[in-house]
Amino acid sequence: MQLPHLPGLLALHHTASLGSLEGAAASLKQRPEDVRLRLDRLEAAYGNALVAPTEGGLSLTPEGQVVEGYAQRILGLAREAHRAVRTGTDDVEQVRVGVADVLPKVLAWRLLSPIRCSSGPRVALRCTAGTTEQLDQLVALGALDLVLSDVGRPAAPTVDVVLLGTTGLSLFASRGLADQLVGRGPRWLDGAPMLLPAPGTRLRLALDGWLADHFLQPQVVGEFADSALLKAFAAEGAGFFAMHDAVGRHLQSQRGFVRLAGLSGLKQRLYAHIRSDSRSQAAIDRLLLHAPAAFNEDHESGLLPIE
């Protein structure tokens, strides 16, 4: 098979990103018919349709998604080669990381810091946030080197899963809401406003099970896929929430939250999904070596008992 040329992959990438020939053409400063011609040549080279019409534009076929994953890598390497030639150096290592929405961002920072703080080659992180399912597709296609997640199953045979650490969970609230909850008595959780992770996530399943086991029924006032957005609502007193003990001290000292209580017997495991043929294995090894230090569960005692 004749290898497809770079302009065809570029046309596919822009069409996938912008959802139409017109958008891709404007981005590439070309005519739509020229973009279409390059896509046709690319499809002929692979013997498969790579894009298909949808309502209002174009989307990738399953085969197109596979090719687009490799196109991202090829175009990324082309950009790196261009930078290396222009600067006269190729000592900047690109590490492409996916961070699951449900993970605390400060914990992701702790885990990734050893990659940046090294005496070896300079490292540039390229971070992407999303659901574990979305990020797993990217790491399986080779568009990411690793994913930080609370899911322990591999995304594909080419992806290895490594346990990074285990942390407990506690309930936190703004100071104002905590003061209101103090006077509610031993069953203070019943009817209290609670902010929860999105349904279906590992953290949500664990919390639902824990609440059911303890016959507790808080009032659910919000569900959030993104942990940072959840904490923004919590900071305004919208509700209390559960978060990893590994970031408890940060939540209390830097964000002003109050630790209400620990959730006894409830633990969360966090994992790295690593592309087995990643070009950034040395940087990933530094992450794995220092990962245990990111799970220091140093926090203040809880304010309220749970019965």
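Hi everyone. Let me start with a definition: a patch is made of residues with over 30% relative accessible area and no salt bridge, and nonpolar side chains are joined into one when they lie within 5 Å. Keep in mind that we are looking at a predicted model.

So which residues form a nonpolar patch on the surface here? They are Leu6, Val66, Tyr70 and Ile74, and together they have about 330 Å² of accessible area. Helix H4, residues 62-87, gives the largest share of this patch, with three residues. Tyr70 lies in that helix, H4. Its relative accessibility is 40%, so Tyr70 counts as partly exposed.

Now, on to the aromatic rings. A pair of rings is described by the distance of the centres and the angle of the planes. With pairing set at centres within 6.5 Å, the model has four aromatic pairs. Take Phe224 and Phe233: their ring centres are 4.9 Å apart and their planes meet at 55°, so this pair is tilted. Are these two buried or exposed? Phe224 is buried, at 11% relative accessibility, while Phe233 is partly exposed, at 39%.

Next come Phe241 and Phe257. Here the centres are 5.0 Å apart and the planes are at 75°, so we call the pair edge-to-face. This pair links distant parts of the chain: Phe241 sits in strand E9, residues 240-244, and Phe257 in strand E10, residues 257-275, 16 residues apart. Phe241 is buried, with 0% relative accessibility, and Phe257 is buried too, with 4%.

One last thing to look for on your screen: ring pairs join Phe172, Phe241 and Phe257 into a cluster.

Definitions and conventions. Residues numbered from 1 in each chain as written. Predicted model: local features only at pLDDT ≥ 70, side-chain atom pairs only at ≥ 80, totals over all residues. Heavy atoms only, no water. Phe/Tyr/Trp six-rings, centres within 6.5 Å; stacked < 30°, edge-to-face > 60°. Buried < 20%, exposed > 50% of the residue type's maximum accessible area, 1.4 Å probe, protein only. Helix = DSSP H or I, 4+ residues; strand = E, 2+ residues; numbered from the N terminus. Patch = residues over 30% accessible without salt bridge, like charges linked within 9 Å, V, L, I, M, F, W, Y side chains within 5 Å. Areas by Shrake-Rupley, 256 points an atom, 1.4 Å probe, with all protein chains shown as cover. Salt bridge = Lys/Arg side-chain N within 4 Å of Asp/Glu carboxyl O.
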